[in-house]
Amino acid sequence: MQGYVHYQLWIDRPHTHRASVEITLPPLTGAVELAMPAWTPGAYKLVDHARNVRSLSVMSPTGEQLTVERLDLHRWLIPETVPGARVRYEVYADKLMIHQAQINAEHAFLNGGPLWLCVIPARCLPATVALHLPKEWQVATALTQISPGLYRADDYDALIDAPIEAGSFATAAVDAAGVRWEVAWHDTQTVNHLKTPSGLLPVTKGIAKIAAAAVKLFGTAPFTRYVCLFHECEEPGYLNGLEHAASLAIQGPLALASRPDAFFTMVAHEIFHAWNGRRLTPEGLGRNCDYWRPAHTTALWVVEGITEYYASLLCLRAGLLDQAAYLRQLGELITSYERMPGRHIATLAESSFITWNFGDDRWNSAVNYYVKGALTAWALDAEIREQTDNARSLDDLMRALWEKHGNAVPYQSATVETLAASIAGCSLDNFFDRQLRSTQEIDWSRTCRKLGLELRTRQNPALGISASGAPGALKIGKIEAYSPAEEAGLQANDVLVAISGLRASEELLADIGKLVIPGERLTMSYFRGDRLCAAELPVGSSTTFQVVPAARPSKSQTAILASYLEGGMAPALAPL
(Lines give C-alpha, C1' and ligand atoms only; values in the text may rest on other atoms or scores of the structure.)
Protein backbone atom coordinates (compact mmCIF):
# COMPACT_ATOMS: atom_id res chain seq x y z
CA MET A 1 0.00 0.00 0.00
CA GLN A 2 1.31 3.45 -0.91
CA GLY A 3 0.12 7.02 -0.67
CA TYR A 4 -0.99 9.14 2.23
CA VAL A 5 -4.11 10.03 4.21
CA HIS A 6 -5.50 13.47 3.41
CA TYR A 7 -7.57 15.30 6.04
CA GLN A 8 -9.55 18.47 5.47
CA LEU A 9 -11.20 20.57 8.16
CA TRP A 10 -13.79 23.31 7.73
CA ILE A 11 -14.76 25.83 10.40
CA ASP A 12 -17.15 28.23 8.72
CA ARG A 13 -19.54 28.92 11.64
CA PRO A 14 -17.23 28.82 14.69
CA HIS A 15 -19.88 30.12 17.12
CA THR A 16 -21.70 26.78 16.71
CA HIS A 17 -18.65 24.92 18.12
CA ARG A 18 -18.76 22.55 15.16
CA ALA A 19 -16.21 21.53 12.55
CA SER A 20 -16.60 19.39 9.45
CA VAL A 21 -13.90 16.87 8.59
CA GLU A 22 -13.26 14.92 5.41
CA ILE A 23 -10.69 12.15 5.03
CA THR A 24 -9.60 10.99 1.60
CA LEU A 25 -8.41 7.42 1.96
CA PRO A 26 -5.24 6.13 0.30
CA PRO A 27 -5.47 3.23 -2.19
CA LEU A 28 -7.32 0.74 0.02
CA THR A 29 -9.74 -2.03 -0.86
CA GLY A 30 -11.78 -4.46 1.18
CA ALA A 31 -12.77 -3.86 4.80
CA VAL A 32 -11.34 -0.73 6.46
CA GLU A 33 -11.66 0.11 10.14
CA LEU A 34 -11.83 3.68 11.45
CA ALA A 35 -11.37 4.63 15.10
CA MET A 36 -11.43 7.76 17.25
CA PRO A 37 -8.97 7.76 20.19
CA ALA A 38 -10.30 7.37 23.71
CA TRP A 39 -7.48 9.51 25.13
CA THR A 40 -5.05 12.24 24.14
CA PRO A 41 -1.26 11.69 24.04
CA GLY A 42 0.27 12.71 27.36
CA ALA A 43 -3.05 12.73 29.26
CA TYR A 44 -3.81 9.62 31.31
CA LYS A 45 -7.56 10.04 31.18
CA LEU A 46 -10.21 8.24 29.17
CA VAL A 47 -12.51 10.88 27.68
CA ASP A 48 -14.03 8.90 24.77
CA HIS A 49 -13.57 11.53 22.06
CA ALA A 50 -15.95 9.61 19.79
CA ARG A 51 -18.87 10.90 21.86
CA ASN A 52 -18.64 14.19 19.93
CA VAL A 53 -18.49 12.61 16.44
CA ARG A 54 -21.70 12.66 14.41
CA SER A 55 -23.10 12.33 10.90
CA LEU A 56 -20.36 9.99 9.73
CA SER A 57 -20.70 8.83 6.12
CA VAL A 58 -18.50 7.33 3.40
CA MET A 59 -18.61 8.00 -0.34
CA SER A 60 -16.73 6.70 -3.35
CA PRO A 61 -14.75 9.18 -5.51
CA THR A 62 -17.78 9.31 -7.84
CA GLY A 63 -20.17 10.23 -5.03
CA GLU A 64 -21.71 6.79 -4.48
CA GLN A 65 -22.70 6.17 -0.84
CA LEU A 66 -20.76 3.31 0.73
CA THR A 67 -21.89 1.19 3.64
CA VAL A 68 -20.40 2.00 7.07
CA GLU A 69 -21.18 0.18 10.31
CA ARG A 70 -20.55 1.32 13.86
CA LEU A 71 -18.80 -1.44 15.78
CA ASP A 72 -18.67 0.16 19.24
CA LEU A 73 -18.20 3.54 20.88
CA HIS A 74 -14.86 4.23 19.19
CA ARG A 75 -14.86 2.20 15.96
CA TRP A 76 -16.55 2.12 12.56
CA LEU A 77 -16.17 -0.41 9.74
CA ILE A 78 -16.38 0.15 6.01
CA PRO A 79 -17.10 -3.44 4.85
CA GLU A 80 -16.01 -2.78 1.26
CA THR A 81 -14.14 0.37 0.37
CA VAL A 82 -12.60 1.61 -2.85
CA PRO A 83 -9.39 3.60 -3.52
CA GLY A 84 -9.92 7.31 -2.91
CA ALA A 85 -13.08 6.89 -0.84
CA ARG A 86 -14.00 9.90 1.31
CA VAL A 87 -15.05 9.75 4.96
CA ARG A 88 -17.07 12.72 6.20
CA TYR A 89 -18.13 13.55 9.75
CA GLU A 90 -18.81 16.44 12.09
CA VAL A 91 -17.15 17.16 15.45
CA TYR A 92 -18.54 19.22 18.32
CA ALA A 93 -15.90 20.94 20.48
CA ASP A 94 -16.35 23.44 23.30
CA LYS A 95 -14.03 22.43 26.13
CA LEU A 96 -10.92 24.52 26.63
CA MET A 97 -9.01 21.78 28.39
CA ILE A 98 -5.46 20.66 27.70
CA HIS A 99 -6.56 17.23 26.44
CA GLN A 100 -9.75 18.26 24.63
CA ALA A 101 -10.79 20.87 22.04
CA GLN A 102 -12.68 24.13 21.75
CA ILE A 103 -14.16 25.99 18.80
CA ASN A 104 -15.86 29.34 19.28
CA ALA A 105 -16.18 32.74 17.62
CA GLU A 106 -12.76 33.86 18.91
CA HIS A 107 -10.54 30.85 18.29
CA ALA A 108 -10.15 27.11 17.86
CA PHE A 109 -7.91 24.94 20.04
CA LEU A 110 -7.71 21.64 18.21
CA ASN A 111 -6.15 18.66 19.93
CA GLY A 112 -5.68 15.78 17.53
CA GLY A 113 -7.37 13.13 19.67
CA PRO A 114 -10.84 14.73 19.65
CA LEU A 115 -10.59 15.64 15.97
CA TRP A 116 -8.90 13.13 13.68
CA LEU A 117 -10.25 9.66 13.02
CA CYS A 118 -7.58 7.03 12.57
CA VAL A 119 -7.66 4.98 9.37
CA ILE A 120 -6.36 1.83 11.05
CA PRO A 121 -4.66 0.09 8.06
CA ALA A 122 -3.04 3.43 7.10
CA ARG A 123 -1.91 4.50 10.58
CA CYS A 124 1.77 4.45 9.59
CA LEU A 125 1.31 6.43 6.36
CA PRO A 126 2.06 10.16 6.09
CA ALA A 127 -0.89 12.49 6.60
CA THR A 128 -1.69 15.89 5.15
CA VAL A 129 -4.12 18.39 6.65
CA ALA A 130 -5.87 21.22 4.81
CA LEU A 131 -7.40 23.84 7.12
CA HIS A 132 -10.34 25.93 5.85
CA LEU A 133 -10.75 28.64 8.50
CA PRO A 134 -12.11 32.19 8.81
CA LYS A 135 -9.81 34.26 6.60
CA GLU A 136 -8.59 36.54 9.39
CA TRP A 137 -7.49 33.67 11.64
CA GLN A 138 -3.84 32.83 12.30
CA VAL A 139 -2.55 29.29 12.80
CA ALA A 140 0.08 27.95 15.22
CA THR A 141 1.04 24.28 15.20
CA ALA A 142 4.10 22.04 15.21
CA LEU A 143 2.86 20.33 12.04
CA THR A 144 5.10 21.01 9.04
CA GLN A 145 3.60 23.64 6.74
CA ILE A 146 3.67 22.70 3.06
CA SER A 147 1.86 25.78 1.76
CA PRO A 148 -0.66 28.28 3.20
CA GLY A 149 -3.36 26.26 4.94
CA LEU A 150 -1.74 22.88 4.15
CA TYR A 151 0.27 20.85 6.68
CA ARG A 152 2.01 17.49 6.91
CA ALA A 153 2.63 14.84 9.59
CA ASP A 154 4.87 11.79 9.31
CA ASP A 155 2.03 9.48 10.35
CA TYR A 156 -1.16 9.35 12.41
CA ASP A 157 0.69 9.28 15.74
CA ALA A 158 2.53 12.47 14.82
CA LEU A 159 -0.72 14.05 13.63
CA ILE A 160 -2.62 13.64 16.90
CA ASP A 161 0.47 14.69 18.88
CA ALA A 162 0.47 18.18 17.31
CA PRO A 163 -2.36 20.42 18.56
CA ILE A 164 -3.44 23.42 16.49
CA GLU A 165 -4.30 26.91 17.74
CA ALA A 166 -6.25 29.05 15.28
CA GLY A 167 -7.71 32.52 15.72
CA SER A 168 -6.33 35.81 17.02
CA PHE A 169 -3.30 35.58 19.27
CA ALA A 170 0.03 37.22 20.01
CA THR A 171 3.14 35.63 18.55
CA ALA A 172 6.84 35.73 19.26
CA ALA A 173 9.84 33.52 18.56
CA VAL A 174 13.40 32.97 19.73
CA ASP A 175 16.31 30.84 18.55
CA ALA A 176 18.06 28.90 21.31
CA ALA A 177 20.10 25.69 21.55
CA GLY A 178 19.73 25.07 17.82
CA VAL A 179 15.92 25.19 17.94
CA ARG A 180 13.34 27.73 16.80
CA TRP A 181 10.99 28.29 19.78
CA GLU A 182 7.64 29.83 18.76
CA VAL A 183 5.05 31.28 21.12
CA ALA A 184 1.31 31.74 20.52
CA TRP A 185 -0.48 33.51 23.38
CA HIS A 186 -4.29 33.57 23.31
CA ASP A 187 -6.04 35.63 25.97
CA THR A 188 -9.64 34.51 26.45
CA GLN A 189 -10.39 37.38 28.85
CA THR A 190 -9.04 40.73 27.69
CA VAL A 191 -6.57 42.30 25.32
CA ASN A 192 -3.51 43.06 27.43
CA HIS A 193 0.13 44.05 27.10
CA LEU A 194 1.12 40.47 26.26
CA LYS A 195 -0.65 40.88 22.92
CA THR A 196 2.55 42.38 21.49
CA PRO A 197 5.90 40.69 20.76
CA SER A 198 7.59 43.06 23.24
CA GLY A 199 5.09 42.03 25.90
CA LEU A 200 6.06 38.42 25.26
CA LEU A 201 9.77 39.14 25.61
CA PRO A 202 9.95 37.78 29.21
CA VAL A 203 8.34 34.56 27.96
CA THR A 204 10.73 34.01 25.07
CA LYS A 205 13.75 34.92 27.23
CA GLY A 206 12.68 32.38 29.85
CA ILE A 207 12.02 29.68 27.26
CA ALA A 208 15.46 30.26 25.73
CA LYS A 209 17.14 29.76 29.12
CA ILE A 210 15.15 26.59 29.85
CA ALA A 211 15.94 25.26 26.36
CA ALA A 212 19.66 25.79 26.85
CA ALA A 213 19.59 23.95 30.19
CA ALA A 214 17.59 21.03 28.79
CA VAL A 215 19.76 20.59 25.69
CA LYS A 216 22.91 20.83 27.84
CA LEU A 217 21.58 17.93 29.94
CA PHE A 218 20.66 15.62 27.05
CA GLY A 219 23.32 16.77 24.59
CA THR A 220 20.97 17.32 21.67
CA ALA A 221 17.43 18.41 20.81
CA PRO A 222 15.30 15.88 18.89
CA PHE A 223 13.56 18.68 16.96
CA THR A 224 14.49 21.91 15.19
CA ARG A 225 11.22 23.74 15.86
CA TYR A 226 9.03 23.79 18.99
CA VAL A 227 5.67 25.57 19.46
CA CYS A 228 4.36 26.85 22.83
CA LEU A 229 0.59 27.38 22.96
CA PHE A 230 -0.63 29.47 25.92
CA HIS A 231 -4.24 30.16 26.88
CA GLU A 232 -4.80 32.91 29.44
CA CYS A 233 -8.13 31.97 31.02
CA GLU A 234 -9.93 31.69 34.36
CA GLU A 235 -10.62 27.98 34.10
CA PRO A 236 -9.60 25.58 35.53
CA GLY A 237 -8.46 28.03 38.23
CA TYR A 238 -4.89 26.74 38.26
CA LEU A 239 -2.07 26.20 35.78
CA ASN A 240 -2.46 23.06 33.72
CA GLY A 241 -0.23 21.85 30.92
CA LEU A 242 0.19 19.04 28.43
CA GLU A 243 3.28 17.97 26.54
CA HIS A 244 3.60 16.96 22.91
CA ALA A 245 6.50 15.80 20.75
CA ALA A 246 7.34 19.31 19.51
CA SER A 247 4.85 21.55 21.29
CA LEU A 248 3.15 22.26 24.58
CA ALA A 249 -0.19 23.65 25.70
CA ILE A 250 -0.55 25.51 29.00
CA GLN A 251 -3.85 26.93 30.22
CA GLY A 252 -5.23 28.77 33.23
CA PRO A 253 -4.49 32.01 35.07
CA LEU A 254 -0.93 32.24 33.72
CA ALA A 255 -0.06 35.13 36.10
CA LEU A 256 3.34 35.65 34.52
CA ALA A 257 3.82 39.01 36.21
CA SER A 258 2.83 37.93 39.73
CA ARG A 259 3.93 34.27 39.78
CA PRO A 260 6.83 33.81 37.31
CA ASP A 261 8.29 30.91 39.34
CA ALA A 262 5.15 28.80 38.90
CA PHE A 263 4.79 29.77 35.24
CA PHE A 264 8.32 28.90 34.18
CA THR A 265 8.39 25.72 36.28
CA MET A 266 5.32 24.53 34.35
CA VAL A 267 6.96 25.50 31.04
CA ALA A 268 10.12 23.61 32.00
CA HIS A 269 8.06 20.55 32.95
CA GLU A 270 6.41 20.38 29.53
CA ILE A 271 9.61 21.09 27.60
CA PHE A 272 11.48 18.36 29.53
CA HIS A 273 8.72 15.98 28.45
CA ALA A 274 9.84 16.38 24.83
CA TRP A 275 12.66 14.05 25.87
CA ASN A 276 11.21 12.22 28.88
CA GLY A 277 7.65 11.22 28.09
CA ARG A 278 7.19 11.76 24.38
CA ARG A 279 10.35 9.95 23.18
CA LEU A 280 11.57 8.21 26.32
CA THR A 281 8.46 6.16 27.03
CA PRO A 282 7.51 3.10 29.06
CA GLU A 283 5.83 0.20 27.32
CA GLY A 284 2.28 1.12 26.28
CA LEU A 285 2.72 4.89 26.11
CA GLY A 286 5.00 5.30 23.11
CA ARG A 287 4.40 5.39 19.38
CA ASN A 288 1.86 2.93 18.00
CA CYS A 289 0.30 2.60 21.45
CA ASP A 290 -3.33 1.55 21.89
CA TYR A 291 -5.33 4.78 22.06
CA TRP A 292 -8.52 2.84 22.66
CA ARG A 293 -7.65 1.27 26.03
CA PRO A 294 -5.92 2.45 29.21
CA ALA A 295 -2.14 2.15 28.97
CA HIS A 296 -1.37 0.83 32.44
CA THR A 297 2.21 1.27 33.66
CA THR A 298 4.05 1.44 36.98
CA ALA A 299 6.59 3.84 35.47
CA LEU A 300 4.82 7.20 35.79
CA TRP A 301 7.28 7.99 38.57
CA VAL A 302 9.81 8.21 35.71
CA VAL A 303 7.59 9.95 33.15
CA GLU A 304 6.00 12.48 35.50
CA GLY A 305 7.98 12.30 38.75
CA ILE A 306 11.46 12.73 37.25
CA THR A 307 10.06 15.39 34.92
CA GLU A 308 8.56 17.29 37.86
CA TYR A 309 11.89 17.11 39.68
CA TYR A 310 13.80 18.47 36.70
CA ALA A 311 11.25 21.23 36.07
CA SER A 312 12.49 23.14 39.11
CA LEU A 313 16.09 22.02 38.60
CA LEU A 314 16.15 23.30 35.01
CA CYS A 315 14.75 26.65 36.17
CA LEU A 316 17.51 26.80 38.81
CA ARG A 317 20.19 25.99 36.24
CA ALA A 318 18.65 28.51 33.84
CA GLY A 319 18.72 31.28 36.43
CA LEU A 320 14.93 31.56 36.55
CA LEU A 321 14.90 30.36 40.17
CA ASP A 322 17.46 31.40 42.76
CA GLN A 323 18.73 28.84 45.22
CA ALA A 324 16.46 30.04 48.02
CA ALA A 325 13.37 29.71 45.79
CA TYR A 326 14.49 26.28 44.60
CA LEU A 327 14.95 24.97 48.14
CA ARG A 328 11.62 26.51 49.12
CA GLN A 329 9.94 24.49 46.36
CA LEU A 330 11.61 21.33 47.69
CA GLY A 331 10.21 22.03 51.13
CA GLU A 332 6.75 22.62 49.67
CA LEU A 333 7.00 19.31 47.81
CA ILE A 334 7.80 17.41 51.01
CA THR A 335 5.00 19.24 52.85
CA SER A 336 2.52 18.33 50.11
CA TYR A 337 3.51 14.66 50.20
CA GLU A 338 3.44 14.35 53.99
CA ARG A 339 -0.12 15.76 54.05
CA MET A 340 -1.46 13.08 51.66
CA PRO A 341 -3.52 10.45 53.52
CA GLY A 342 -3.27 8.23 50.43
CA ARG A 343 0.46 7.71 51.02
CA HIS A 344 -0.50 5.22 53.74
CA ILE A 345 -2.85 3.33 51.37
CA ALA A 346 -1.24 2.94 47.96
CA THR A 347 2.35 2.65 46.79
CA LEU A 348 3.87 4.87 44.14
CA ALA A 349 3.91 2.02 41.62
CA GLU A 350 0.26 1.14 42.32
CA SER A 351 -0.88 4.77 42.07
CA SER A 352 0.84 4.97 38.70
CA PHE A 353 -0.85 1.81 37.48
CA ILE A 354 -4.39 2.83 38.52
CA THR A 355 -4.25 6.45 37.32
CA TRP A 356 -6.76 5.63 34.58
CA ASN A 357 -9.42 4.58 37.08
CA PHE A 358 -8.80 6.27 40.41
CA GLY A 359 -11.66 5.93 42.88
CA ASP A 360 -13.92 8.84 43.82
CA ASP A 361 -11.87 9.41 46.99
CA ARG A 362 -8.69 9.72 44.95
CA TRP A 363 -6.27 11.59 47.20
CA ASN A 364 -7.41 9.81 50.34
CA SER A 365 -6.75 6.44 48.72
CA ALA A 366 -3.74 6.97 46.43
CA VAL A 367 -0.55 8.99 46.31
CA ASN A 368 0.21 11.74 43.80
CA TYR A 369 2.88 10.24 41.53
CA TYR A 370 4.00 13.71 40.43
CA VAL A 371 4.85 14.64 44.02
CA LYS A 372 6.20 11.35 45.38
CA GLY A 373 7.80 10.66 41.99
CA ALA A 374 9.66 13.99 42.12
CA LEU A 375 10.79 13.30 45.68
CA THR A 376 11.91 9.82 44.63
CA ALA A 377 13.94 11.39 41.80
CA TRP A 378 15.47 13.82 44.32
CA ALA A 379 16.31 10.96 46.71
CA LEU A 380 17.75 8.90 43.82
CA ASP A 381 19.92 11.84 42.76
CA ALA A 382 21.26 12.07 46.31
CA GLU A 383 21.80 8.30 46.52
CA ILE A 384 23.78 8.17 43.27
CA ARG A 385 25.92 11.14 44.35
CA GLU A 386 26.64 9.54 47.72
CA GLN A 387 27.51 6.12 46.28
CA THR A 388 29.86 7.61 43.67
CA ASP A 389 31.47 10.32 45.83
CA ASN A 390 29.61 12.90 43.73
CA ALA A 391 31.17 11.61 40.50
CA ARG A 392 27.76 10.67 39.04
CA SER A 393 24.21 11.98 39.42
CA LEU A 394 20.69 11.60 38.11
CA ASP A 395 21.85 13.52 35.03
CA ASP A 396 23.94 10.48 34.10
CA LEU A 397 20.92 8.21 34.44
CA MET A 398 18.83 10.43 32.16
CA ARG A 399 21.57 10.57 29.52
CA ALA A 400 22.00 6.79 29.66
CA LEU A 401 18.24 6.27 29.32
CA TRP A 402 18.19 8.68 26.39
CA GLU A 403 21.02 6.85 24.68
CA LYS A 404 19.38 3.42 25.08
CA HIS A 405 15.68 4.27 24.71
CA GLY A 406 15.42 7.80 23.31
CA ASN A 407 14.57 6.67 19.80
CA ALA A 408 11.09 5.53 20.87
CA VAL A 409 12.40 2.20 22.23
CA PRO A 410 9.99 1.44 25.11
CA TYR A 411 11.35 0.53 28.51
CA GLN A 412 9.99 -1.08 31.68
CA SER A 413 10.26 0.40 35.16
CA ALA A 414 12.68 -2.39 36.08
CA THR A 415 14.96 -1.25 33.24
CA VAL A 416 15.36 2.14 34.91
CA GLU A 417 16.10 0.52 38.27
CA THR A 418 18.79 -1.70 36.76
CA LEU A 419 20.41 1.17 34.89
CA ALA A 420 20.37 3.38 38.01
CA ALA A 421 22.12 0.63 40.00
CA SER A 422 24.74 0.32 37.27
CA ILE A 423 25.47 4.05 37.43
CA ALA A 424 25.54 4.04 41.25
CA GLY A 425 27.84 1.01 41.22
CA CYS A 426 25.81 -0.87 43.82
CA SER A 427 22.46 -2.52 44.40
CA LEU A 428 19.55 -0.10 44.80
CA ASP A 429 16.94 -2.79 45.46
CA ASN A 430 16.20 -1.58 48.99
CA PHE A 431 15.93 2.01 47.79
CA PHE A 432 13.43 1.20 45.04
CA ASP A 433 11.45 -1.22 47.21
CA ARG A 434 11.01 1.53 49.78
CA GLN A 435 10.24 4.35 47.33
CA LEU A 436 8.15 2.52 44.72
CA ARG A 437 6.63 -0.54 46.34
CA SER A 438 6.08 0.42 49.96
CA THR A 439 3.89 2.77 52.00
CA GLN A 440 6.36 3.00 54.87
CA GLU A 441 7.41 6.38 56.21
CA ILE A 442 10.39 8.00 54.47
CA ASP A 443 13.08 9.95 56.30
CA TRP A 444 13.57 12.96 54.01
CA SER A 445 16.14 14.43 56.39
CA ARG A 446 18.45 11.58 55.36
CA THR A 447 18.25 12.72 51.73
CA CYS A 448 18.95 16.27 52.85
CA ARG A 449 22.10 15.26 54.72
CA LYS A 450 23.48 13.48 51.64
CA LEU A 451 23.27 16.77 49.73
CA GLY A 452 24.57 19.06 52.45
CA LEU A 453 21.08 20.25 53.32
CA GLU A 454 19.01 20.37 56.49
CA LEU A 455 15.30 19.72 57.00
CA ARG A 456 13.42 21.99 59.39
CA THR A 457 9.84 21.52 60.54
CA ARG A 458 7.02 23.53 62.06
CA GLN A 459 3.75 22.24 63.49
CA ASN A 460 0.52 23.93 62.37
CA PRO A 461 -3.08 23.48 63.54
CA ALA A 462 -5.11 21.41 61.07
CA LEU A 463 -8.74 20.32 60.75
CA GLY A 464 -8.63 18.27 57.53
CA ILE A 465 -11.26 20.32 55.71
CA SER A 466 -11.29 21.85 52.22
CA ALA A 467 -14.20 24.26 51.80
CA SER A 468 -15.11 27.25 49.65
CA GLY A 469 -17.95 29.71 49.28
CA ALA A 470 -19.36 32.90 50.72
CA PRO A 471 -18.80 33.77 54.40
CA GLY A 472 -21.34 31.91 56.51
CA ALA A 473 -21.97 29.41 53.73
CA LEU A 474 -18.78 27.44 53.12
CA LYS A 475 -19.45 24.21 51.26
CA ILE A 476 -17.14 21.38 52.24
CA GLY A 477 -15.52 19.89 49.16
CA LYS A 478 -13.24 17.33 50.74
CA ILE A 479 -12.63 15.76 54.14
CA GLU A 480 -9.16 14.39 54.74
CA ALA A 481 -9.13 10.76 55.83
CA TYR A 482 -8.38 10.17 59.53
CA SER A 483 -8.54 13.92 60.23
CA PRO A 484 -10.28 15.65 63.18
CA ALA A 485 -13.09 16.71 60.83
CA GLU A 486 -13.71 13.11 59.73
CA GLU A 487 -13.61 11.85 63.31
CA ALA A 488 -16.15 14.54 64.32
CA GLY A 489 -18.63 13.32 61.69
CA LEU A 490 -18.36 16.11 59.11
CA GLN A 491 -18.74 15.12 55.47
CA ALA A 492 -18.47 16.55 51.97
CA ASN A 493 -21.29 18.97 51.00
CA ASP A 494 -21.97 20.05 54.58
CA VAL A 495 -22.21 23.86 54.68
CA LEU A 496 -20.17 25.54 57.41
CA VAL A 497 -21.93 28.45 59.09
CA ALA A 498 -19.71 29.27 62.06
CA ILE A 499 -16.46 28.20 63.72
CA SER A 500 -16.43 28.64 67.50
CA GLY A 501 -18.98 31.43 67.25
CA LEU A 502 -17.31 33.26 64.36
CA ARG A 503 -18.76 33.38 60.87
CA ALA A 504 -17.09 30.67 58.78
CA SER A 505 -15.00 31.98 55.89
CA GLU A 506 -12.19 30.81 53.67
CA GLU A 507 -9.86 33.27 55.41
CA LEU A 508 -10.78 31.98 58.86
CA LEU A 509 -10.17 28.38 57.81
CA ALA A 510 -6.83 29.31 56.30
CA ASP A 511 -5.77 31.14 59.48
CA ILE A 512 -7.26 28.74 62.02
CA GLY A 513 -4.01 29.05 63.95
CA LYS A 514 -5.13 32.51 65.07
CA LEU A 515 -8.02 30.87 66.94
CA VAL A 516 -6.50 27.72 68.39
CA ILE A 517 -3.35 25.64 68.70
CA PRO A 518 -3.00 21.88 68.15
CA GLY A 519 -4.74 19.94 70.92
CA GLU A 520 -7.39 22.54 71.72
CA ARG A 521 -11.02 22.10 70.74
CA LEU A 522 -13.42 24.15 68.69
CA THR A 523 -17.05 23.96 67.61
CA MET A 524 -18.31 23.73 64.04
CA SER A 525 -21.86 24.83 63.20
CA TYR A 526 -23.06 23.61 59.85
CA PHE A 527 -26.08 22.75 57.74
CA ARG A 528 -26.61 19.24 56.44
CA GLY A 529 -29.45 19.80 54.04
CA ASP A 530 -31.97 21.90 55.97
CA ARG A 531 -30.84 20.64 59.37
CA LEU A 532 -28.56 22.79 61.53
CA CYS A 533 -25.91 20.68 63.25
CA ALA A 534 -22.95 21.22 65.51
CA ALA A 535 -19.79 19.23 66.13
CA GLU A 536 -16.95 19.65 68.58
CA LEU A 537 -13.57 18.52 67.38
CA PRO A 538 -10.02 18.55 68.66
CA VAL A 539 -7.58 20.54 66.58
CA GLY A 540 -5.03 18.32 64.92
CA SER A 541 -1.63 19.26 63.54
CA SER A 542 0.18 19.16 60.24
CA THR A 543 3.84 19.66 59.53
CA THR A 544 5.38 22.29 57.30
CA PHE A 545 8.84 21.43 55.98
CA GLN A 546 11.66 23.76 54.99
CA VAL A 547 14.87 22.72 53.22
CA VAL A 548 17.92 24.87 53.97
CA PRO A 549 21.70 24.50 53.60
CA ALA A 550 23.24 22.59 56.51
CA ALA A 551 24.40 24.87 59.30
CA ARG A 552 27.68 23.00 59.83
CA PRO A 553 28.39 21.03 56.65
CA SER A 554 31.35 18.72 56.27
CA LYS A 555 33.86 19.35 53.50
CA SER A 556 32.25 16.65 51.34
CA GLN A 557 28.74 18.04 52.00
CA THR A 558 29.89 21.49 50.95
CA ALA A 559 31.32 20.11 47.70
CA ILE A 560 28.20 18.05 46.95
CA LEU A 561 25.87 20.96 47.62
CA ALA A 562 27.89 23.29 45.40
CA SER A 563 27.81 20.71 42.61
CA TYR A 564 24.13 19.95 43.14
CA LEU A 565 23.01 23.57 43.06
CA GLU A 566 25.53 24.45 40.32
CA GLY A 567 26.52 27.76 41.82
CA GLY A 568 27.97 27.25 45.26
CA MET A 569 26.31 27.70 48.60
CA ALA A 570 22.92 29.33 48.88
CA PRO A 571 22.59 32.20 51.36
CA ALA A 572 21.43 31.16 54.82
CA LEU A 573 17.67 31.26 55.26
CA ALA A 574 15.87 32.53 58.32
CA PRO A 575 14.33 29.77 60.46
CA LEU A 576 10.61 29.13 60.31
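1. Helices (H or I, at least four residues) and strands (E, at least two) are named here as DSSP runs, numbered from the N terminus. The model is predicted, and local features are reported only at pLDDT of at least 70, side-chain atom pairs only at pLDDT 80 or more, while totals for chains, interfaces and linings use all residues. Residues are numbered from 1 along each chain as its sequence is written, and side-chain values use heavy atoms, with hydrogens and water left out.

2. Grid points are joined across faces, edges and corners, and a volume is the space filled by probe spheres set on the points. The second largest pocket holds about 1,000 Å³ of space; 35 residues line this pocket, and R339, A462, G464, E480 and S542 are the closest to its centre. Two or more lining residues come from each of α5, α7, β22 (453-462), β23 (465-470), α14 (506-510) and β29 (540-549), and β29 gives the largest share, five residues. With Ala, Val, Leu, Ile, Met, Phe, Trp, Tyr, Cys and Pro counted as nonpolar, Asp, Glu, Lys and Arg as charged, and the others, Gly among them, as polar, the lining of this second pocket divides into 15 nonpolar, 13 polar and seven charged residues.

3. The largest pocket holds about 1,600 Å³ of space and is lined by 50 residues, with Y238, L239, N240, M266 and Y370 nearest its centre. At least two lining residues each are supplied by β20 (240-243), α3 (260-273), α4 (300-317), α5 (323-338), α7 (362-365) and α8. The lining of the largest pocket comprises 26 nonpolar, 13 polar and 11 charged residues.

4. Helix α8 (residues 369-387) also contains T376, which is buried (under 20% relative accessible area, against over 50% for exposed and in between for partly exposed, with a 1.4 Å probe and protein chains only), its own relative accessible area being 0%. Leaving aside residues up to four places away in sequence, T376 touches W301, L348, F431, Q435 and L436, where contact means heavy atoms within 4.5 Å.

5. The structure holds 24 aromatic pairs, a pair being rings of Phe, Tyr or Trp (its six-membered ring) with centres within 6.5 Å, stacked if the planes are under 30 degrees apart, edge-to-face if over 60, and tilted otherwise. The pair F218 and W275 is stacked, because the ring centres lie 5.2 Å apart and the planes stand at 5°. This pair links distant parts of the chain, 57 residues apart, with F218 in helix α2 (residues 201-218) and W275 in the loop between α3 and α4; both residues are buried. Y309 and Y310 form an edge-to-face pair, at 5.5 Å centre to centre and 70° between the planes, and both are likewise buried. One aromatic cluster is formed by W181, F218, F223, Y226, F272, W275, Y309, Y310 and W402.

6. A search of the whole structure finds two cavities of 30 Å³ or more. About 70 Å³ lies in the largest cavity, whose lining divides into six nonpolar, two polar and two charged residues.

Methods
On a 1 Å grid over the protein atoms alone, a cavity is a set of points where a 1.4 Å probe fits but cannot get out, and a pocket is an open set with protein on both sides within 12 Å along at least five of seven lines; lining residues have an atom within 4 Å of a point.
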